[in-house]
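Subject: Structure handover

Hi there,

Here is the structure I promised to pass on to you. Have a look at it first, and then read on for my notes.

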Amino acid sequence: MSFPQTTTLLFLGLFSTYSAFASDDYNPVIQCPIPSFDKLSYQDINTDSQAITITSKYTQIEKNQFAKFTGGVTLVTPTEAIIADQIELNRQNLLINAEGNIHFQNTGIDVFASQLNASKAAGGTTLSDTSYQLTTNAGHGSAKTISVNQEGVLTLVDSSFTTCFGETPDWRINASEITINTADKQLEAYNAKFEVFDIPVFYIPYFTMPIGDERHSGILYPNIKTSSNSGFEVSVPYYWNIAENFDATITPRYMSERGTQLNTEFRYLMGHQSGVIDVEYLNRDIKLTQNEDPRYLARLQHVGTFSDRFRAYIDYTTISDDNYLIDLDSEQYNSNDAYLYQIGELSYFGDSWSATVKLQDFEILGNHTPSYQTEPHIELSKSQALPFANAVFNIYSEMTRFITEETDLPTAERYHVEAGITLPITRPAWFLNSEVKILQTTYRQDNIAATSLLEEKVSRTLPKVRIHGGMNFDKTLTFDDKNYTQTLEPQLQYLYIPNKDQNAIGLYDTTSLQDDFDGLFRDRRFSGLDRIAEANQYSWGLTTRILDPQSQERLRLSLGRIVFINTDDTLLSNDPDANIEVSESALATEVYAKINDNWEFTGDIQYNTKSNKTNKSQSKIDYQFSKNQTIQLNHRYTRNVSGNRLEQLSLLSNVNIDPNWQIVGQVTQDLQNKRSLESYLGVQYSSCCWGIRLSFHRAINSTIDETQSNLTDIDSRDEFDSGFKLKFVYNGVNSSQTSDSISDMFNSSIFGYKRPYFLNN
């Protein structure tokens, strides 16, 4: 029997996409298994039909007035279905009443209730004594009543929500009322209590969250931690979905020893232009007794293309004082960073040429060498294929103006052009790359001290010849009845640049480059152009690899050095170690060994065979004793960094006690000064519906020269910063992360997981 549809029956179908808080970088969270129910027959109904189809064992009808259906009643629309013991339809009052073991279902939700009342005249539907299960995620709960008005707004009275299962869920939200606006796809909860194992842990009078995958305004998870720098801290982020292409995150951060800071992040996307504006502001730092100035950090990051050929890039940061990062921390920079980016760049890319205009400066923190600003730096480059032997003609030019706020330092304009021919030859078994270039640089220098060796006008012309070749050999090795491949890869490079006295040129953007195996085959020893080292040298290197039957690298050994035919006297005035020792460079080696699926070792060393001293070394050994359980030991040594000898040893590990409990730990020691640099211990519980993490972190504070800072409360800054952090993750509610990931626990340390780096207090 078929009847015309007499009501906008059960807008509950719109409660079908309740999901976690979504953002542009949202990743689905791990959730508990979702119970499934037998599909009712509404999927088989013609979706073009506007009729209600009802089947039952017994039927009582008064024509055009009343109909009563009993005994296994099923009511089906094109998108929804109801099973009940009894359903009554009143055509005169436009009412539908259902009683007894009601099961409502659509593609997004299953609802179970004892009674249903729908009125077309009142424009609403009400279900009583309900429980529900979402079909799109593990969310489920109960409500005393669920009401739906004509606009599709749902109201759940005395309701609960959780993604956990069991008689006593690990966590649950109980609210006096939950309102769901289907047009805006937003949920509002009033008088909400968060319970853990039936124990109320906190109360929120009002909060919102989305019911779809779209971005939506609302409160995000609070972060709670303690530190000796700032005391007890609570951060409560609020996400504001301003428009389709604009959003912001506003985070009040309470610090018991410093006050309340306001952090904001504004993101925008306009066509091919995108960017982020971050502002952190603390009006008064109550821990500082000698300074009441506001403390702030502001950063603009922008990248975009105006067409297929233009690209713009901006990264600009300003900060209130040198000690801001040490005292207050920031997600923008590490607390040990010594400078802040201030870069603006516009590039054009043609078919065979490109151009770049750049403004660059660095805000230096503490007692460090002042940097130069480039206002502007202009680059032009072009490549043109030549009609013989794959040869290419290259030309590169730049014009740079260096200025500084330091009145006792020189300023300069630098004009540089290099042009030449490269001849690349590549074959499967060998390669030979040759190039011949002319390097022409002109300087105009001002503000030169009377005692300085610098000159107002300097012109430098240098030819460069470079020949770099190598070969690839391989053979088959049989081990344990398996065929392995061993390679032998020798390479040789000759580089010639004549000697030129460059003491009349200042140092504006030049420093020594890193010495390692790959650096043996560079064509320069310094970054920038203020020093171009004399070269009459050859570099040799030898690499051998062993590949398993799946062509995975199991072993790699590399060895090489530079042999100087001449003695180089091109030095950096502020870097005495730039001088080449005798007739050859340090011996550079690299080692990689994957012994099996559990053990892995990497290391590199630069060893001076003349003085029998190690210049630099770094080694790391990893043992993965089961899936996602690792222990790592790494060591780093540097003989001379700004006159300091550094040697550090780090031990890191993560262990799964059982499927729900994880421990992450890290210790870093300064072997030269015999002290700890950092300690970290994190314990995490995670299940399919929630997680909690408690961690302790103790790290050394960097030293900023107080004479360079406008904040002089040196007594208020301890040698170490230590504290606890507590973090909750509720999978399935307002969460954009999983609770079972340990990567951010490793990343929260100042030394990171794979490569520890220099830190000296």
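Let me start with a question: does D198 count as buried, partly exposed or exposed? D198 counts as partly exposed, because its relative accessibility is 39%. Please keep in mind throughout that this is a predicted model.

You will find D198 in the loop between β12 and β13. Its phi is near 70 degrees, a positive value in a residue other than glycine. D198 also forms a salt bridge with R172, where the closest N and O atoms are 2.4 Å apart. R172 sits in strand β11 (residues 171-181) and D198 in the loop between β12 (186-196) and β13 (199-210), so this pair ties together parts that are 26 residues apart in sequence.

**Salt bridges**

Side chains of opposite charge can pair when their charged atoms come close. In this structure there are 33 salt bridges.

Another one to look up is the salt bridge of E345 and R311, whose side chains meet at 2.8 Å, N to O. Here E345 belongs to strand β23 (residues 339-349) and R311 to strand β22 (residues 310-319), so the pair ties together parts that are 34 residues apart in sequence. The two partners fall into separate classes of accessibility: E345 counts as buried because its relative accessibility is 17%, and the cut-off for buried is under 20%. R311, with 27%, counts as partly exposed.

Then there is E292, which forms a salt bridge with R284; the closest N and O atoms of this pair are 3.9 Å apart. E292 has a relative accessibility of 56% and therefore counts as exposed, whereas R284, at 30%, counts as partly exposed.

Which residues are linked in a network of salt bridges? They are R258, D285, R295, D321 and D327.

**Aromatic pairs**

A pair of aromatic rings is described by the distance of the centres and the angle of the planes. The count of aromatic pairs here comes to 20. Take Y372 and F402: their ring centres are 6.3 Å apart and their planes stand at 80 degrees, so the pair is edge-to-face. This pair links distant parts of the chain, with Y372 in the loop between β24 (353-364) and β25 (373-385) and F402 in strand β26 (residues 392-403), 30 residues apart. Both Y372 and F402 are buried. Together with Y443 and Y508, they form one aromatic cluster.

While you are in that region, look at strand β25, where P376 has its place. The peptide bond that joins E375 and P376 is cis, with omega at about -5 degrees.

**Strands β4, β5 and β6**

Strand β4 (residues 66-76) and strand β5 (residues 81-90) run antiparallel and are joined by 9 bridges. V76 has A81 in β5 as its bridge partner. On to the next pairing: β5 and strand β6 (residues 95-105) pair in the antiparallel sense over 8 bridges. A81 takes part here as well, with Q105 as its bridge partner in β6. The hairpin of β5 and β6 has 4 residues between the strands, and in it L94 takes a positive phi near 55 degrees.

**A few single residues**

N483 is in strand β31 (residues 482-497). What does N483 touch, not counting residues up to four places away in sequence? The list is T476, L477, T478, D548 and P549. With T478 there is a polar contact of 3.2 Å between the side chains. N483 and D548 are 65 residues apart along the chain, and their C-alpha atoms are separated by 7.2 Å.

S585 lies in the loop between β33 (553-564) and β34 (587-593). Its relative accessibility is 16%, so S585 counts as buried. Leaving aside residues up to four places away in sequence, S585 touches L520, R561, I562 and F564.

K674 has a positive phi of about 55 degrees although it is not a glycine. At 73% relative accessibility, K674 counts as exposed.

Methods:
Residues are numbered from 1 along each chain as its sequence is written. Side-chain values use heavy atoms; hydrogens and water are left out. A salt bridge is a side-chain nitrogen of Lys or Arg within 4 Å of a carboxyl oxygen of Asp or Glu. Helices (H or I, at least four residues) and strands (E, at least two) are DSSP runs, numbered from the N terminus. Buried means under 20% relative accessible area, exposed over 50%, partly exposed in between (1.4 Å probe, protein chains only). Rings of Phe, Tyr and Trp (its six-membered ring) pair if their centres lie within 6.5 Å; planes under 30 degrees apart count as stacked, over 60 as edge-to-face and the rest as tilted. Two strands pair if DSSP finds at least two bridges between them. Contact means heavy atoms within 4.5 Å. A polar contact is a pair of N or O atoms within 3.5 Å; within protein, one must be able to donate a hydrogen and the other to accept it, and residues adjacent in sequence count only if both atoms are side-chain atoms.
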